[in-house]
Amino acid sequence: MHNLFRLANRLHRPAARSYSSPAPAPRLENIGRVRAYAKPLATLFLWSALSYSALQAAWSSLYYDRLRLETEAKIDALNAEIR
């Protein structure tokens, strides 16, 4: 019988009150290390990927220009040799 009253009390609990003021932000020690460092690490990763992509594009452009100049120099040398 006692268990029946407990069950009835659990089923008929009043709804949670809502207050107009927002709940306080969780303290840093309660968040955990993963959640505390996830956003800074994600930001670092994104900036690193962006920097790597930009530097790779610049290097590829410079390498292509050097390769094109070397190839044009070889073509000019071969044209001079033929004439």
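Mentor: Helices (H or I, at least four residues) and strands (E, at least two) are DSSP runs, numbered from the N terminus. This is a predicted model, in which local features need pLDDT of at least 70, side-chain atom pairs count only at pLDDT 80 or more, and totals for chains, interfaces and linings use all residues. Residues are numbered from 1 along each chain as its sequence is written, and side-chain values use heavy atoms, with hydrogens and water left out.

Trainee: What makes the contact of Glu72 with Arg68 a salt bridge?

Mentor: The term requires a side-chain nitrogen of Lys or Arg within 4 Å of a carboxyl oxygen of Asp or Glu. The closest N and O atoms of Glu72 and Arg68 are 3.5 Å apart, therefore the pair qualifies. Asp65 and Arg68 also meet in a salt bridge, at 3.8 Å from N to O.

Trainee: Why is Arg68 called partly exposed?

Mentor: Buried means under 20% relative accessible area, exposed over 50%, and partly exposed in between (1.4 Å probe, protein chains only). Arg68 has a relative accessible area of 36%, so the residue is partly exposed.

Trainee: How do you know whether Leu44 is buried or exposed?

Mentor: The relative accessible area of Leu44 is 52%, therefore Leu44 is exposed. Leu44 is found in helix α3, residues 33-82.
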